[in-house]
Protein chains: 2
Amino acid sequence: MTIMAKNNFETIYTTLKARILAGDYSIKMRLPIEDELIAEFDTSRYAVRKAIQKLADEGLVYSVKGRGVVLLEHTPQTQQFNLNLSRTTGLKAMNAGRNLDYQTDVVSFKQIIVDAELSEQTAFEVGIPVYAIQRVRIINGTRAVIDINYFNAQLIPDITPSIAKKSIYDYIQKKLKVKIAVVKRMLRVDTAQTVDTQTLDLENNNCIGNMISISFNDAGRQFEYTESHFIPNEFIFTQLIRN
Amino acid sequence: MTIMAKNNFETIYTTLKARILAGDYSIKMRLPIEDELIAEFDTSRYAVRKAIQKLADEGLVYSVKGRGVVLLEHTPQTQQFNLNLSRTTGLKAMNAGRNLDYQTDVVSFKQIIVDAELSEQTAFEVGIPVYAIQRVRIINGTRAVIDINYFNAQLIPDITPSIAKKSIYDYIQKKLKVKIAVVKRMLRVDTAQTVDTQTLDLENNNCIGNMISISFNDAGRQFEYTESHFIPNEFIFTQLIRN
DNA sequence: GAGTGGTCTAGACCACGGT
DNA sequence: CCGTGGTCTAGACCACTCC
């Protein structure tokens, strides 16, 4: 064997993932045992186990105590279950890969103070100032999504309509250097309300998908509450559940 | 301090979680640093870090290198974002907590051989035998969900209409001793088809939520493909995204 | 009983954040 | 610069699977 650069868990993970996808382990449907991987990569158990953990997080393998690390069956059809496992940006990024034309209309832009009702909805404290923004996302000429954003104006200051027209997420991360640490989401199917039927190209459908997101910075503060109402038949969410 | 039983990471996790939810760390919005936790629980870094990792998996805390472990803000409103983070059983369990009356109608029960078209849909190999089952879930008198199941009959043998009427998941786990290792899901909003409008209590809605699940046993084999079509306004899914 | 992953200990050094 | 979590090493013992 030639001289090999030090293997950290990231390179072990990358190497194993490439091999799995290339089918190198498809006959036994098992990864080599930990001791073999330790020897091959000239590393410690820590690094090997961390790499395997990352593969398991992606739904590629499953560890069984006393047996080994099993590969999960995958076919061309089931590949799509592995995509999109996590994207913090809005629905915009959800169709990355397809070559789509995007356009944004800012239909409403206000700075308001949170009252009791809005606090109940958004979990923002009563009395704080927020930006309330509504934008329509037009994808290939179809009015596909309406984003209803509320940003805590103390944590995300100085948003302008021009920024809203481009990308608020770019502004938050690149300009304000705010780190988007965690996003929690709920997904529902709702009967379309007036705002939806007036704004979206629903055709004959009278329901919408509703993705409700709350986002936290790396100080643990919730800086955003957003509802994204989207038309049927166009968007997919994926979820992985492990036991 | 009194004699303390050996602390494993599970007890550390449980203790910290209880304290977080009780607000014990709400003033600083930080967990104690690792060394303090090691001293308090008389344990190793491994156990402390594993406990913190589990808290982070649930969306309670977020670790920042060089700073510490930050608590994420939580209010009564945002509590529901933390529930349901993983349930392998069908939609049935999704409303646990509410006291609901459940009833199941088996509307179709067949054993068939996978053809090219069904293989394309389910990712099962052409030629293998599967159980094809359709069941309606009636919740408090409302026909709320239609489950369209395909089970690999070689991996899940001897299903009967009587089992389908009760609980196939109970049969799989308790009777067959098959371990449900991983479930991969896709969520969509679809325009209602004939089967949906004829079967579900959609009222004036003409769309459905569609939860598509593929499930794997602990040998890595896909034993199930299921579509659960559900009525609007009644079901919620949650998702956690970390950076 | 042999093989395997899960838990745990006791260290070490590194990378990042804040002062 | 100091304090902090992230990575890594080298061991040990335990719990489970399978023969």
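Is A:L118 buried or exposed, and what is its relative accessible area?

**View 1. A:L118 in helix 4 of chain A.** A:L118 is buried, at a relative accessible area of 9%; buried means under 20%, exposed over 50% and partly exposed in between, with a 1.4 Å probe and protein chains only. Helix 4 of chain A spans residues 116-122 (helices are DSSP runs of H or I, at least four residues, numbered from the N terminus). Beyond residues up to four places away in sequence, A:L118 touches A:I112, A:A123, A:V130 and A:Y150 (contact: heavy atoms within 4.5 Å). A:L118 and A:Y150 are 32 residues apart along the chain, with 9.7 Å between their C-alpha atoms.

This is a predicted model: local features need pLDDT of at least 70, side-chain atom pairs count only at pLDDT 80 or more, and totals for chains, interfaces and linings use all residues. Residues are numbered from 1 along each chain as its sequence is written, chains are lettered from A and ligands numbered from 1 in the order written, and side-chain values use heavy atoms, without hydrogens and water.

**View 2. Helix 1 against helix 2 in chain A.** Helix 1 (residues 9-22) and helix 2 (residues 34-41) pack at about 115 degrees, axes 12 Å apart. Axes are lines fitted to C-alpha atoms over the stretch in contact; angles run from 0 to 180 degrees between N-to-C directions. The two helices of chain A are therefore roughly perpendicular (65 to 115 degrees). Helix 1 contributes A:I12, A:T15, A:L16 and A:R19 to the contact; helix 2 contributes A:L37, A:E40 and A:F41.

**View 3. Surroundings of B:Y150.** Among its contacts beyond four places in sequence are B:I112, B:L118, B:F124, B:V130 and B:F223.

Key:
Parallel < 35°, antiparallel > 145°, perpendicular 65-115°, else oblique.
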